[in-house]
Every structure is written in C-alpha cells, then in structure tokens.
Amino acid sequence: MARSSPLRRLGFGLFCSIIVVLCLFPFYWAMVSSLKSGTEIFATDLWPKALTFQNYGTILQDASFGRSFLNSTLVALSTVGMALLLSITASFALARIPFRGRKRILLAILSVTMFPQVAVLSGMFELVRFFGLYNHCSALILSYMTITVPFTAWTLTNFMREIPKELEEAAIIDGASYLTILVKIFLPILSPALVTTGLLAFIAAWNEFLFALTFTLTNQARTVPVAISLLSGASQHELPWGNIMAASVLVTLPLVVLVVIFQRRIISGLTVGAVKG
Amino acid sequence: MSWSREKTAWAFVAPCLFVLLSVAAWPLLRTIFLSFTDAQLEHMSGAKFIYWENFKALFSDKDWKQSVYNTLLFAACSVPCETLLGLFVALALHKPFKGRGLLRAAVLVPWAIPTIVSARMWGWMLHDVYGILNELLVRVGILSAPLPWTASPELSFWTIVMVDVWKTTPFMALLLLAGLQSLPQDCFEAALVDGVSKKRIFFRITLPLLRPTLIVTLIFRTLEALRIFDLVYILSNGGPKTMTMSVYARRYLVDYANVGYGSAAAVCLSLIVALITILYINVGRHRILEER
Amino acid sequence: MKHLCRFLFCALAFAFGQAPLLAEAGVILKMTCRAKGQEAELCEAAIKEWARKKKEETGTDVKVEIIKLPQSSSESYAFTQQLLGSQAEDVDIYQVDTTWSVFLAPHVVPLNAHFSPEEMAAHFPVAIQSNTIQGNLVAIPWYADIDVLFYRLDVLEKRRAKPPTTWEELAKTAQMIQDYERRFDGNTRFCGYVFRGKSYEGLMCHVVEWIESFGGNVFSPGSLPQEDRVIEAFTFLSELIPKVSPPGVLNYTEEEVRGVFQLGEAAFAHNWPYMWALAQMSGSPVEGKVGITVLPRGKADRESVSVLGGWGLCVSKYSKHQDLAVDLVRWLTRHEEQKRRAVKASYLPTIVTLYGDPEVLAKNPFFLPISKALSTAIVRPAAFFGRLYPQVSAAVTSIAQSVLSKELTPAEGAKQLIQAVETFKQRAQSSPEDPSAAS
C-alpha cells in the first residue's frame, strides 16, 4: 500500500469517499429533517433555515420510548447471546467432528428461514400464546432464534471449516477434549468471525418489526422499531416526519457506536496466520 | 472412540436443534398443512382438506406468475450488484489505511437503520415534488425534470433494486471482510515475495480461498432477496408490476383473509428458495455439505 | 467469556422473570386506539372522567390502558385480526375502521342490544349502516372522515377562477392554472390537481367517488352498471396525467398529497379534512390561502358523491368485562364527548345535530361543506362484498391505475371494471361459505 502510486492512492481515496457519501447521505438527510420543524420538513434545503431540537425533546420526554429502547437492547443482546451460544457448539460439531447426518442437519437448520415471515406469523403467535409468553420480551427472543440461528450456525460452520486441521490434531494428541479445543483454540481464532456474525445478528434482532408488533401489546414489552412505527402526529393520517427521523437517528447512533467499539475486534483476526505459524 | 465421537457431536448439536425444533416446527408444519385446506381467517376450525386445489389455482393465476418473475428478476439483479460492491468494499476495508474505522462504521449505517424507517426515508427522498434526490439531480443537471421514482411501474422496480443494494451491501461487505480476515496470511506473503502481481494474487489466491465464504454469504443474501417484503410493501405503489412473492402471500394471508391459499403461496415460495439454495450448494460445490 | 455468560444469564432471568405489571386492585380495561399526541390527550382525559364517575357510582376502581395501533390502517387491521382471530381476552375495546365490519361481526358484542334506538338514530344513518352486519351493530361510530376538495384561494383569485362544481371544470381550471404557473411564474413543479393514487384503500375511495358521481352505478348492489357513464369517468381520469397531475401521484398516500399542497405546489387537492388544520398552521406557505368545498359532480345535473370513512369502537366478545366496556364505549361516543373532540381538535362528529351547533361551527367554519358532504355520503360496498371486499378493492384500484397511466383506454378500463365487479357480485351472492369462492 505504501509503495502504490499517487494516482492509485487518489483513486482509492475517491472510491472510499464516494462509498462514505452514498452510505451516509440518507442518514444525514434524516438528521437534517429531524432538525426542521413544521412545513419546512417538506422543503429541500440541505441545511435547515432554523434549527430546532423540539423533535428530540418530544422523543426523549416520552417515557415509553425509553422503555422500548431498553427492551430492544435486552432482546437484541439476549438473542445474540443465545444464538451464538447455540450455534458455536453446533457449528463446531458440524464443521470439525465427522458424524453421520450432519448434511441433513445443516439443511434442516437452513430450511427454518426459507418461509416468508408473514406465513409463519400466525403459527408463531399460537405458539407464543401457548407458552404464555404473549406481550413478553422473551417471546421475541425465542422467535428471533428462527431468524438468527440459521445464519449464525451456517456462517460459523463455514469459518470453522477454514481453520487448518493441524491445530486441533495437535490438541487431540495432547488429550484435550472437544470442549477444550473449542474454547481454548477455536474461539480466539474465530473472534473476528464471531464479532461480525454477532453484530449482524444483533442488528437483525434490533430491527425486526413484524414479530415485535404481533407478539407484544403494551409499551412495557414493545421494541424500538414498533415504537417508531407507532409514533404519530397530532391528527389522524398525519405522519410526524420530524419525530420519526429524530427517533431513527437516536436508535441508529448506538449501533454506530457499537461498530466503532467492536471494529478493532473485527481486524484482530489478522493474527490467524501467526497462530498457525 | 468413534461411538463416543458421534455421541459428542450430537451433544454439541442437540441444544441448537432442540431450540429450533421447538420454535419453528409448529409454525412451519401448520403452514404446510393449511396450504392443503380452504381455511379462512373467520372460521379456521371449519377448514376442509382440499388436496391440491390451492396449488392448482395458484399456478393458473397470472398475478402469481408475475410476482414469481418479479422476485426472481429482483434477486438476479440485486444480489450480484451487492456481492460485487460488497467485495470491493471488503477489499478496501481489508487494507490498513488512515480512517479505516470511519469507513467501517459508515458502511454499516445503511444496514443498521430499521428497514421500516429506511424504506420510508427513501420514499421521502424519492418523492417527485419535494424529494431531495430529484432536486439534487436536477440542480446538478443530470436530470432535466424530476422523475417519479416510485410511481412509474418501470422505474419503481429499479428504484427498489437500488435501495436494496444500498441497504444490504454492508451485510455482504462485512461478512466477506470477516472471510478475508480469516484467510491464512502466509500464502499472500509467499506470493508477494515471489513477485506475483496483485491482480494474479487476487484471482488465483484470494478469490478461490474466499469461495466458501462467498457461497454462504450468497446463499443467505439470495434467501433474503427472494423473500423481500418490507421495501416493496412500503416503496412500491402496490400494483402487480412490482409485486413479489412475499407481498403476494401477505395479500392473501392477511388482506384477503384467505389463509389456505396464502399458505400455499408461502409454501411455493419456500420451495423455490430451497431449490435455488440446493442449486447454489451444488454448483458452488461447497465443502460445507461434504463429509470429510 | 465467563463475563459474557454471566451477563447473558442475568439478561435472560430478567426477561423471563419480568412479571406483567398487573395491579390486582380493581379492573383493568384494555383498549386499542390510534390515538397519539393531541388525540391521545383528549382520549385519556375522557377516560379519566369516566373512571372517576364509575368510582363514585359503583365504587370499583377501573384502570384503562390504551394500546397504540400502527399508523397504517392495513397494519392496524392485521393486528386486530390476529388478536380477535385467536379469541384473545387481552383487549376489551377495539378502535375499528368502517370497512372491517364483516370480519368483526362474529367476534364482537352486538351493540344494538345495549344502545337505544334513539341513541343510534342520532348518528348519520350511513355511518350506522356501514357498521351493521345482518342486523347487528358491530361498532358504534366515533368520528367520521370524508373526502373533500381543497383549493388555493389566492391562486384561483389570481386567475379569476371559481371553485369547480364538475370534474370537467376541475380539469379545465387545474390545467389553466398549471400552465400559467409553469409558463409565466416559472414555478416548474406546480401541479393542478393531486389525489391519493397509490393502489390502496385510499384510492378505492376516490374511484368510488369518481365513478358514482358520473352515475356509473357500479358499486351499489343490485343496480345496473352504466358502462357509458363509467367511460365518461375514466376519460376524465385518463386525461389527468401529466396534464394536471404529476406522474408521481400514482404513489401518493394522504401525506404525500398534503406535502405537495402544503408546500404551495398544487391548486387542488382531493383528501381527508385533517389536512385543513395542518395546511393552515402558522408558518405554512399556504396559511390563510386554503379553501375547502364538496367534491365536484360528474355532470351539472348529477350529484356530488363522497365516500364515508372514519372509525368506530367495538367491544370484544372475549372480554371479561363486557358491560364495563360497553359503558366506556357509550361514554366516548356520546354527544358531549364528540362535541368536545370537535371543538378541541376538529374531529368530525358522527352525530348529525353537532353540525348545527354554533360552538362547533364557530371553531370549525369548514364543517359546513363537510356536513353537506356527509348528508349525501355513500359507503364503500364492504358489507355487501363481505370477505371478498379487499379483493374487489385491489382489483378496482389496479384497473383505475392502469387507466390513469394510460395502459388501458377508458373503454377497455370500463369494460374490465364492470366485468370484475359483476363477477365478485355473483360470487358474493352465491354463497359466502362456498370453498370454491376461495381464490
């Protein structure tokens, strides 16, 4: 990289800037819109004529929004935790332990996500009520397993397959159990993959809407996307764009912070080669 | 040894299978069962078994055919775009450079915004009279007059593809980046020492090594693309020209309260998804399913 | 890793241990409500008053919990369907749309057993009629909604035009104004006429209004459709885009129409009355320049037709506190409460006499054209088509969109429309329980 020509470096810089602008512009627009008031929100000025933080005030004063934020955090963290826990062990067996039926298991796991969400909604609703979890955060955690586990299990199986065989063979000769191999050798190497899949699963759970709307009833259990969709203007039909944008900015920021915190973890995998050597 | 090994493997897999089975089995079996009945939302208990009637009706419906075509075209257009762009971004993020953290955080933003919000946001930005996108493009001179991005049937399909690419490229990029990060570094070092050109390294070493990750990522992306719902539901004008299979299924399941027929559509959708997944696995010859 | 596990267990314990916050003292009623913001405050105040009165009368503590409904009517419908369909006793009172009646009928308490004939007669007959299924009143009207025509006072005055009384006049005036604005005032984005063109229930209302005001007779059960009249209506529609309406109108819902009108970019807007207060709010570019009138007629010798929208309240059959719930519903929909809502927040009452109330009219001068529209309002044929209605609506809006975008000629469109609606009529009449009518 250091030796590349200035022209190439310029091109690379340009590419990165374009990507950043394309990714961030809608977010920027949401932020600008959230700072506008009244009719100005329909205007196309790139910067509001008069800044107002009123929209943020409305959102932050709403106690139920704080509650839904807490619910979302809880649901997303628990979902990711459970999904990773379940799929780390499963994918270790699927990737590293030869046994009969693993092909069928992998396909069965995948088939769980093949149905459109709206089709499983009613069945899931009955299940949730049967278990008495209706209007309860745990109903969401449970139903999100069908969304996240197939993804995490497959991705982790894939990454575990890529780890060189010599590593575990040495450990097996040393008499280590499978569990020790998994925890002591595989997990450290896999940390970038774990962080990435965890992050993607977190976002999936954080943003899920249909299940969250159907399986919860009161503000005590509702999550952020539902809360946003339930925001509404002073009169019927009116969509409170300013409030919706402010709320979207508020819920996206923690995710950005999360990425900034975890991004070092994503690159720590560069040491994979070193471990092997 | 062999016996206990198999036992260990099952012990490792069991919790995952147990949870999935207990959560997913009933909803899935129920949908499959209902697809063979004439169940209506108002009187589910009075549903009669009607064998393949729903499927026969489904296959003769031209709206269903149109929505199958739309969905396949959508997946065929958006997934390659996302993969290619995602690969570029992943390669860029793989290089150490100043501001990489910023780029990584920025790239994830589209994926992090809840779809119900970002779809509305795009609808807002793409509005033909007060949308910022038309305004900017007209001001810069790329467009001579504002375009009805989401209203015209021809345009709105591509608009939805565009927004989907915007939204899901980060997903691709991040997974591929994780794949790149876990490649053994020594191959590259050896190749560089031997003076192999960067282009050759990419096509001869990086890409083949990345293939397993690429295929898994593609499988999940295609799965999602074939089930696309929110974006179409919010952005399109609701006509049959932009209808996808999921939107079609929802229409019958919820709006028309025709649960049997809607379930049949859902079952067909998942069969198509399954078929394409198996195709991917076989054509991509992914080792994930090979016994070793 | 250890920390992670510990955290997880704590989180899970918290999630599962979270007991529903049910105070055992007294009764808790749950009510779905689209109320937010201003409406929610109104609603809560009324409920509090009711609870206080109950406490005085009977000594029971009643707490009412409001459950928000999604903004979009079809999502609200799905939510309500899911709950009532599973016979859930979690919610006692539902806020419901006038077109849901057929689905609601088996799941709700028939209200005519609880409301006196006088109480019911106070409402607009059309509002009661749309909520009545096989003689059972499934929901009592709470507030009405009706399409009206908004126009720009200043722009019409500038061009010396009068508010149109026929659709033809509307198209002419709109085109004249649009041409002038674009050509001479350099306002290139200005449109003549905007309406809700997305393929959804909002467009269905428009289509019924357009066709029936031309005398098409397509949607009323048991009457003979007039193909030539439908062709007239469709000819009007097919000439709208792009002459007086922007191509983007085919994806407009309520708020897009309001956006364009409120920015001052349209001469006429066809929308619900809620737009009035927002367009007139201080700081709006069209503040003080908004006129409101009944929808134009098809021809000078025909009637103006508006479609009734709006919401009612119903009591779930699965509720454990039906009598209390009925009592609350009566309280919320009675004369005084509707008046309070009209005066404080301009909600359209469903009680006829309120439109003659000086206090209400003083606060809402625009109620005059609305009461006129309400007295001649018709209902969408939801009750007649029953469970087929959503399909009818989808088919009709799809054909109308094709006519609007000129994919079908007016004659082709009219033929297809009549054929589609007649087929559905036959199916609806033959036997609603017939499984062959399933798809």
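Trainee: How many residues of domain 2 of chain A are in contact with domain 1 of chain A?

Mentor: This is a predicted model, where local features need pLDDT of at least 70, side-chain atom pairs count only at pLDDT 80 or more, and totals for chains, interfaces and linings use all residues. Residues are numbered from 1 along each chain as its sequence is written, while chains are lettered from A and ligands numbered from 1 in the order in which they are written. Two residues are in contact if their C-beta atoms, placed from the backbone, lie within 7 Å. Domain 1 of chain A brings eight residues, and the number from domain 2 of chain A is seven.

Trainee: What separates the centres of those two domains of chain A?

Mentor: An automatic or database domain assignment gives the bounds, with domain 1 at 1–52 and domain 2 at 62–276 in chain A. Taken over C-alpha atoms, the separation of their centres is 30 Å.

Trainee: Helix H8 of chain A has 30 residues; how far apart are its end C-alpha atoms?

Mentor: Helices are DSSP runs (H or I, at least four residues), strands too (E, at least two), numbered from the N terminus. The expected span is 1.5 Å times one less than the number of residues. A straight helix would reach 44 Å, but the ends of H8 (residues 178–207) of chain A are only 35 Å apart.

Trainee: Where does the kink in H8(A) lie?

Mentor: A bend is the angle between axes fitted to the seven residues ending at a residue and the seven starting there. The kink in H8(A) is about 65° and comes shortly before the proline A:Pro192, at A:Ser191.

Trainee: Why is strand S7 of chain C largely enclosed by the rest of the structure?

Mentor: A residue is buried if 20 or more other C-beta atoms lie within 10 Å of its own, exposed if 12 or fewer, and partly exposed in between, with C-beta atoms placed from the backbone. One side of S7(C) has C:Val148, C:Phe150 and C:Arg152, the other C:Leu149 and C:Tyr151, and both faces are covered. Strand S7 (residues 148–152) of chain C is largely enclosed because its buried residues number five of the five.

Trainee: Which residue of S10(C) is the bridge partner of C:Tyr151?

Mentor: Two strands pair if DSSP finds at least two bridges between them. S7(C) is joined by four bridges to the antiparallel strand S9 (residues 266–271) of chain C, where C:Tyr151 partners C:Phe268. S7(C) also pairs in the antiparallel sense with strand S10 (residues 290–293) of chain C over four bridges. In S10(C), the partner of C:Tyr151 is C:Gly291.
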